[in-house]
Amino acid sequence: MTNKQIIEILYQIAELLEIKGENKFKIRAYLKLAQFLSSFNKELKDIYSERGKAGLREIPNIGEGIAKKIAELIETGKLTYLDELKKGLPKGVEVFLNIPGIGPKTAYKIADKFNINTISELEKLLKEHKLKDLKGFGEKTEEKILKGIQLFKNGQERKLLGFVYPIAKKVIDELKQKHKGIEITAAGSLRRMKETVGDIDILVSSFDKKIIDSFCSLDIVSTVNAKGDTKASVYTIHNVQIDLRLVDEKSFGAALQYFTGCKEHNVILREIASKKGYKLNEYGLFKGGTKIAGENEKEIYEKLGLQFIPPELREASDEIELAMKNKIPKLVEDKDIKADLHIHSSYSDGSDKILDIVSELKRRGYKYAAITDHSKSLKVAKGLTVNDLLKQIKEIDEINEKEKDFYLLKGIEVDILEDGSLDYPDEILKKLDFVIGSVHTNFKMSKKEMTDRIIKALENKYLHAIGHISGRLINFREPYEIDYERIFNAAIYYNKAIEINANPERLDLTDIYIKEALKKGVKLFIGTDAHNLSQLDYMFYGIGCARRGFAKKEDILNTYYLEKFLKWIKK
Ligand code: DGT
Ligand code: CA
Ligand code: CA
Ligand code: ZN
């Protein structure tokens, strides 16, 4: 039983208690613990096996009653209390709770009143406006739930890159461990670093059938859908499909090119080949009967008269045109990044102390970073009071006095309030090195109002950048509407940056708007928005997103050396 599973159960209990109309404090206790655990970096089962229930009791938010329940979960994998709560509830409740926008009470009302338990039944009722009979159920609610159903369906079909990437890596690492000396690589949308992935495609440069056997018997595999001599397709325990293909070593480059896609990119390449009198397929590039390229992917582009196109750009936008003119820019790379400029500490809702964050950042080779906790109004995320912030500033000053090769910037992720003002007065913001403004509340505004709100924030002299600009959570919350062009123009005018938030649920700015922003010359930075040390890994997805948006090293502020960056923020 991992913390993640326990957290899910805690949320479930809170939902069920809400349906039962239990008292708010009881519900809050479960929610508070779930929230706390989501950024707690020790596994409860380890604490329990070392020190038993007494160990659990020392953790904040865990009282005697909850400690008992967690012990039962760890020991048996089950919870009698949860089973009892579920007793007598209509089956549909749990199904409908999966849909964004449906809370426990609504889920219960729908399942109870209409006696349905599938999403398609619910969709039908919504379309026939039958749910209007429920109290407080207007057209707006109908619309919201239909949108929620769409988001849920997308999530079933397309998983977040940040969720599937580690799965692909694990599979590839394990296969490489067993079968040495061959190439095993991910292709498809994963290699293109697309924000969501339908399935994982893996290519192997060998016809050894034992690799298929190893693949199908990996621990991570739950079902084998198809198993042949040169390919196999499985589902993992996380319900992710993986297609594995064995290809001839001599055709590996051609196969990698073909299976990386996207499909439309491939179609255009084939047309270019045929105009030259060649033929291109997954086995190679052929002139007459002779293969002129195939072993290596770069060679295929070369022989077609094209500059090499990095996988992230292969989306059939204008990358092939640019490659013909040798105008594909040199994209930003992992090694260019010198800082992470969006990090939460335990001062707000992050799980780690600033000192621990600093040593991890140094371990990762960063030269500088910014601590950017939440501001005072954002109470759900333990936003800092002015006093806390002053304390944090002092702590950071002391750290900087001791550090030689690393510099910590005093930052904040300050809320952009409804009227576009910032959540601290100027004389406080003035004390900080790096101020990111973000919208976290009052999402329901017209496009014009939201745009004005953000532009008003950009006018503030002490603000440096806007965080996760659209507010979207992929497969969970739609972005609010904004006028990107007006915001980009304002960012240029006031000389402010815009964040590429690297959290895999956000990836915001999205790739297409990165491209737009860069065309206008807007400066960007990549921030992980990490709430614990392992989330510092998100930088990788942010870089992928930046590359998909054609970003070069110079476009991204956190590739700057510290001196240059300090000059930029003081400008
Ligand atoms: P996904 O899995 O939906 O996120 O997207 P992809 O791009 O990974 O698509 P997938 O898994 O269906 O196929 C992997 C690649 O194989 C795809 O990007 C291009 C290539 N491919 C698949 N089917 C075709 C096809 O019918 N024609 C061409 N030209 N290429 C194809
Ligand atoms: Ca795929
Ligand atoms: Ca596939
Ligand atoms: Zn935020």
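**Stop one: the zinc site**

Select ligand 4, the zinc ion: its protein donors are Glu413 (OE), His440 (NE2) and His468 (NE2), at 2.1 to 2.2 Å from the ion. Keep in mind that this is a predicted model. Along the chain, the donors of the zinc ion follow the spacing E-x26-H-x27-H. Now color by secondary structure and pick out Glu413 and His440, a pair that links distant parts of the chain, 27 residues apart. Glu413 is in strand β13 (residues 407–415), while His440 is in the loop between β14 (434–438) and α20 (447–459).

Glu413 has 0% relative accessibility, so it counts as buried. His440 is buried too, at a relative accessible area of 17%, because the cut-off for buried is under 20%.

**Stop two: ligand 1**

Jump to ligand 1 and show the 16 residues that surround it; Arg158, Ser189, Gly198, Asp199 and Arg270 are the closest. Which kinds of residue make up the shell around ligand 1? There are 4 nonpolar, 6 polar and 6 charged residues.

- Ser189: a side-chain N or O atom is 2.6 Å from an oxygen atom of ligand 1.
- Arg158: a polar side-chain atom lies 2.8 Å from an oxygen atom of ligand 1.
- Asp199: a side-chain N or O atom is 2.9 Å from an oxygen atom of ligand 1.

On its own, ligand 1 has 590 Å² of accessible area, and the protein covers 72% of that.

Finally, zoom out. Helices α11 (188–191), α13 (252–260) and α14 (263–275) each supply at least two shell residues. Color by domain: ligand 1 lies between domain 2 (159–246) and domain 3 (251–324), because both give residues to its shell.

Notes: Residues numbered from 1 in each chain as written. Chains lettered and ligands numbered in written order. Predicted model: local features only at pLDDT ≥ 70, side-chain atom pairs only at ≥ 80, totals over all residues. Heavy atoms only, no water. Near = heavy atom within 4 Å. Polar contact = N/O pair within 3.5 Å; in protein donor to acceptor, adjacent residues only side chain to side chain. Areas by Shrake-Rupley, 256 points an atom, 1.4 Å probe, with all protein chains shown as cover. Helix = DSSP H or I, 4+ residues; strand = E, 2+ residues; numbered from the N terminus. Nonpolar A, V, L, I, M, F, W, Y, C, P; charged D, E, K, R; others polar. Domains from an automatic or database assignment. Donors = N, O, S within 2.8 Å, 3.2 Å for Na, K, Ca; no water. Buried < 20%, exposed > 50% of the residue type's maximum accessible area, 1.4 Å probe, protein only.
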